[in-house]
Number of protein chains: 4
Amino acid sequence: MTDTNPHGPCAAPPPRTMSRDARRRQIIESTILTIAERGYARTTLTAVAKAAGLSHGLLLFHFETKEKLLSETLDSLSDEYRSNWQAALAAAGPAPEDGIAALVRADFLPAICNQARLAAWCAFWGESQSRPIYQTRCGPNDALYNRTLEAICARMNADHGYGHDPVRIGRMIRVMIEGIWLDLMVAEKPYDVDEALATVWTGLAAVYPRHFAPHGPRAPA
Amino acid sequence: MTDTNPHGPCAAPPPRTMSRDARRRQIIESTILTIAERGYARTTLTAVAKAAGLSHGLLLFHFETKEKLLSETLDSLSDEYRSNWQAALAAAGPAPEDGIAALVRADFLPAICNQARLAAWCAFWGESQSRPIYQTRCGPNDALYNRTLEAICARMNADHGYGHDPVRIGRMIRVMIEGIWLDLMVAEKPYDVDEALATVWTGLAAVYPRHFAPHGPRAPA
Amino acid sequence: MTDTNPHGPCAAPPPRTMSRDARRRQIIESTILTIAERGYARTTLTAVAKAAGLSHGLLLFHFETKEKLLSETLDSLSDEYRSNWQAALAAAGPAPEDGIAALVRADFLPAICNQARLAAWCAFWGESQSRPIYQTRCGPNDALYNRTLEAICARMNADHGYGHDPVRIGRMIRVMIEGIWLDLMVAEKPYDVDEALATVWTGLAAVYPRHFAPHGPRAPA
Amino acid sequence: MTDTNPHGPCAAPPPRTMSRDARRRQIIESTILTIAERGYARTTLTAVAKAAGLSHGLLLFHFETKEKLLSETLDSLSDEYRSNWQAALAAAGPAPEDGIAALVRADFLPAICNQARLAAWCAFWGESQSRPIYQTRCGPNDALYNRTLEAICARMNADHGYGHDPVRIGRMIRVMIEGIWLDLMVAEKPYDVDEALATVWTGLAAVYPRHFAPHGPRAPA
DNA sequence: GATGAATGAGCCTTCATTCAT
DNA sequence: GATGAATGAAGGCTCATTCAT
């Protein structure tokens, strides 16, 4: 093996010309990494270009403006997140408790819950107040998630005789997860994913005691 | 009143000048407002100065660098937050459930939970990854809060016979609140404080059913 | 006639391949239009390419550099102008007053005196100071025009007994026309060609009263 | 003389801080020089700053944007021109022929008719098509000049029995001058001011033979 | 011939910081 | 204390040019 490529032994050097879509995906990935590394405010085109091993001119050739690049990056994050939970839900069992467990686990998969993604989300949240891009881009996806989770909570009541308000329980589950994400970003020594999950299971065990225990979903009787 | 002004006693300061501390507080308040309005990335000294009705030169006279201004602003937010929950706790009844209720309610008081403060917190979280100031400035306060809350949760077990892991329950309470804060920041049409509190009570009613109900703390038997 | 093709009712859409010269002429024409529309400073290769419906790469394939494209555009304008007055002169009667009238009228023909051409000339004049291309390209043509006009003015003296300095009268005629061109470019509500011509006839009537009247050349006695 | 100060042997170096107005005038003067030297398209803030011996930041501190700097430069040129001919007219004798002579001479005074000013005018004309600033800025001044000149030409008819259309004669005078300006800008070896004036006198001698001769205004009888 | 991805020099602009008043 | 002129580094962006296809 004579590969001296600094990108690692298995990574091919990025070809000089790429298909339009591949290039765009590569640039968006570098944008996420740069936001994670330097923060939103210090994410410059030059920094992204350097991370991607490209010239800054090429970034603007593909995205026209920095703002559009950031918007499309947020789009990409949002779509990736939606695809992830939708896939998890599709693969889950038919019972509502299966759906809840699947959604919770999906949010802590390494593809979603990693330093770079969390930092990028956090950065966009931090700017969301002053710029409306977050709402425009993520609003519909967020609303879909909420409706889906609330519907499952409603089925927990219908199928298993619980009596919780589905909107509030759904929201409680979601804010627990988001709060933990924030912990993982902000805390000095963040706990690991198992501990994160255990915290959610603890909450779920309290509201759905016949279907969840502090260590995770109960096996069906 | 002991005058600590290093430039000597000011019996009748002209309206044009202010005490050192008052000026600093005024500038920090304008910084919070500016971050809330324009976001972290677009918070410039000129913008803060304009919001304060001062020249930008004066800001640097008082804070030396922009970085120090932002650090002290974060300090101020963090101290304000700590004072708020400590005061609430001090005013609460002796029972652990009183403490929990007081801490929860404290986090949604208008002095703490308003657009400007939330936006500023969110902005600092969003940039926290790239700058270690958050850890230095807020880490101790955060740790104190966690210890305090965990101790109260431990007393809930000891005094009332619950069997929850205090660390996880404490964390669950905290992340619920933080997640709701995020909701209030990021959601397109955020719900009101009553709904936010109701969500927390719902969670607390699940873990401490004899002391909390979905509509709030239960009256002592 | 419902043809809305901007190239005119009879022009076929530009074929994908064209003869070398036809392509070059097409590109030069688009350059003139672009200069007229956007001004010299904002005339970019991309804009010219877009106006021509071609890729910018092709422009450089044909002209190598932007500078050469602009130089050849100026050449083209200059040659077109010379051809126009030479043709008019060749078609005019033998008397010197016929020549003067022909030259004057030639300068206000629609093929020469239209928005796009005037704007392009004006743009080149505006930049001429900094770039010696104007002299190189248009100097000889301009000198030829001056010599020709002065010779005709000299014949007005010789043939008809006027006593004007041919250089100054020739120059006066020329600067009147150029000044009017400038008016047509710069004035908010420019007058029409008839009014422009009337102004020149008025000047000519003053210097050659037996051969010109304010409304135009006098018919030969 | 060993003074190598580019500002000239007698000019003190510009003081580090200047009154607001003096600084602005200095910068506008440097802008005119830069436009004259490099042309409109290549007039950059850096070049103007260098010509003024200042940092480019200071230019924007005083003028906010490049566009505003150029607009104010045009304003300045236009006002300077108007002041010049108005002063000349005010100093002229009461007869209309005095006014015409004064206006003509004013346009060729060194303060107005020098390389830098002519080049700057020419540059603005060259770009005027694409930017409406010329109309807004110079339109009123131009209209005032035209009205004034036409009124004088009307008085030539009334006082001295000439029968020329005042609008066309006024325009003829003006376009002669502008055409000569263009000559002085564009020609390879431009003639001098005396020759320029002689050309105008020649034209005026033709239309007002009792009051002008090819060498200048006639002395009053 | 023709296209368009890719580069990089240079532009305008922002902004933290310095400093004279 | 307070102001605002002045500086210069760095950012986003434009665009002529190169080059692989």
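Trainee: How should I read the numbering and the cut-offs here?
Mentor: Residues are numbered from 1 along each chain as its sequence is written, and chains are lettered from A in the order in which they are written. This is a predicted model, in which local features need pLDDT of at least 70 and side-chain atom pairs count only at pLDDT 80 or more, while totals for chains, interfaces and linings use all residues.

Trainee: Which domains does chain A have?
Mentor: The assignment, with bounds from an automatic or database source, gives domain 1 (15–64) and domain 2 (67–217) of chain A, and their centres, taken over C-alpha atoms, are 28 Å apart.

Trainee: And how many residues are in contact between domain 1 and domain 2 of chain A?
Mentor: In chain A, 11 residues of domain 1 are in contact with 13 residues of domain 2, where contact requires C-beta atoms, placed from the backbone, to lie within 7 Å.

Trainee: Switching topic, how does chain D superpose on chain C?
Mentor: A rotation of 180° with 0.0 Å of shift along its axis does it, at an RMSD of 0.1 Å, by least squares on the C-alpha atoms of residues with pLDDT of at least 70 in both. That is the relation of a two-fold axis.

Trainee: Through which surface do the copies meet?
Mentor: The same surface, because 95% of the interface residues of chain D are also interface residues in chain C.

Conventions: Two residues are in contact if their C-beta atoms, placed from the backbone, lie within 7 Å.
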